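Me: Please take a close look at one part of this model, the aromatic side chains and what surrounds them.

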Amino acid sequence: MQDFVFHNSTKLLFGKDKEQLVGQESVVYGKKLLLHYGGGSIKSSGLYDRVVQSLLEEGIELFELGGVKPNPRVSLVREGIELCKDKNIDLILAVGGGSVIDSAKAIAAGAKYDGDVWDFYDGNAEVMDSLPIGVVLTIPAAGSESSEGSVITNEDGWFKRATGHTSLRPRFAILNPVLTYTLPTYQTACGITDMIAHILERYFTNEKNVELTDRLCEAALKTIINNAHTALENPTNYDARAEIMWSGTIAHNDLLGTGRIGDWGSHDIEHELSGIYDIAHGAGLAIVFPAWMRYVYKHDVNRFVQFANRVWDVEIDLNNLEKTALAGIKKTEQFFNSIGMPVTLKEANIGQEHFEQMAKKGTERGPLGNFVKLYKDDVVQILNLAK
Ligand code: NZQ
Ligand code: ZN
């Protein structure tokens, strides 16, 4: 096991009606607040009104910036930064999913920086400080509600890039599973896929003697798999929604990665896909992950056998470990398919025309992944396996 520091400082408020506490939690950071949200789901669900009421009850002065798109754009981030600087904003409240939270994080970092915010994403500057961020989560998926990462898309060249800093970790996040009842089936499935991917990125490690985190990863994976179909078929089943929501946070709050080095190659390849084709992050992962698994499994067949056996209950064939490993990969792919995700590029209407370009863009700052290092040609081969 590797040495580690685990310090996740996000205060989590989990349960029914917890959004009523948003005013109380926010006012701790000041009286001028930027309310940041997406394309309107929070208005049609009535959440917007409840949040605003709670904020006003605490005497908070509200400024608003809506319109965050999935795969959030740097142009809106720049608008938000201007607003924060102009109005001396104390706290940014993100009400929505990963896209809104990531956009809020970018604004928070940009508001404390004199240069252009994209510097943080293309590696020309490091985030040093940010405005505080609060979250009311409406979709369990990205785990951004307690992560220190932010992923933004630059329309100029369609680069989708990530940055991270401890100051970007939200100060608090409100998680009410009831708020996820209104999610379309497709978005629920994308979220489920993303949280599974966050666990798998950590699971496939070269680190030996990481039994506790292996078992924690497996428990979280099994919980998500066990509750996925219930949540999809009965969207107002509180228990299933609650299990999925808590799993989404646990999948990406760094606990499952303690003492081990994760891979993250599939995420980086997916960011190239959603950068160019603007597909949902979860859907892109359902396509890339099984292909990545098939490309790398021989690197550590035993780890893939353990995964197949413990997560998917595949019986171990001691005479043919590769067969067991491949059966686990197949089960993963079938599961993604069963929840309505595409598992090939073709199913997402993506052709081969940009394979070289995506592989080149993705690897221009060095090879991807840690479990197995991926160079440009490896990425092309993985995309070919995903055809
Ligand atoms: O914009 P609105 O109208 O709110 O609709 C959203 C959006 O269309 C809708 N939605 C959200 N909550 C809803 C709802 N619709 C009805 N009822 C609700 N309760 O869902 C759609 C997708 O929202 P989005 O925020 O894009 O989803 P998600 O949370 O999956 O975020 C995806 C983004 O997060 C990034 C991804 O790359 C992608 O850009 N990631 C961020 C990470 C991080 N910061 O740590 C890690 C992840 O690996 C990921 O890369
Ligand atoms: Zn992800």
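Reply: Phe289 is buried, with a relative accessible area of 1%, and Trp292 is buried at 0%; buried means under 20% relative accessible area, exposed over 50%, and partly exposed in between, with a 1.4 Å probe and protein chains only. The model is predicted, so local features need pLDDT of at least 70 and side-chain atom pairs count only at pLDDT 80 or more, while totals for chains, interfaces and linings use all residues. Side-chain values use heavy atoms, with hydrogens and water left out, and residues are numbered from 1 along each chain as its sequence is written.

Phe289 and Trp292 form an edge-to-face aromatic pair, 5.4 Å centre to centre with 75° between the planes. Rings of Phe, Tyr and Trp (its six-membered ring) pair if their centres lie within 6.5 Å; planes under 30 degrees apart count as stacked, over 60 as edge-to-face and the rest as tilted. Because Phe289 and Trp292 are three residues apart in helix H11 (residues 281–296), about one helical turn separates them. Helices (H or I, at least four residues) and strands (E, at least two) are DSSP runs, numbered from the N terminus.

Both residues belong to one aromatic cluster, together with Tyr203, Phe204, Phe304, Phe307 and Phe371. At Tyr203, Arg303 lies over the face of the ring, 5.1 Å from the ring centre. A charge sits over a ring if NZ of Lys or CZ of Arg is within 6 Å of the ring centre and within 35 degrees of the ring normal. The charged end of Lys16 likewise sits over the ring of Tyr238, at 4.3 Å from its centre.

How values were computed
Chains are lettered from A and ligands numbered from 1 in the order in which they are written.
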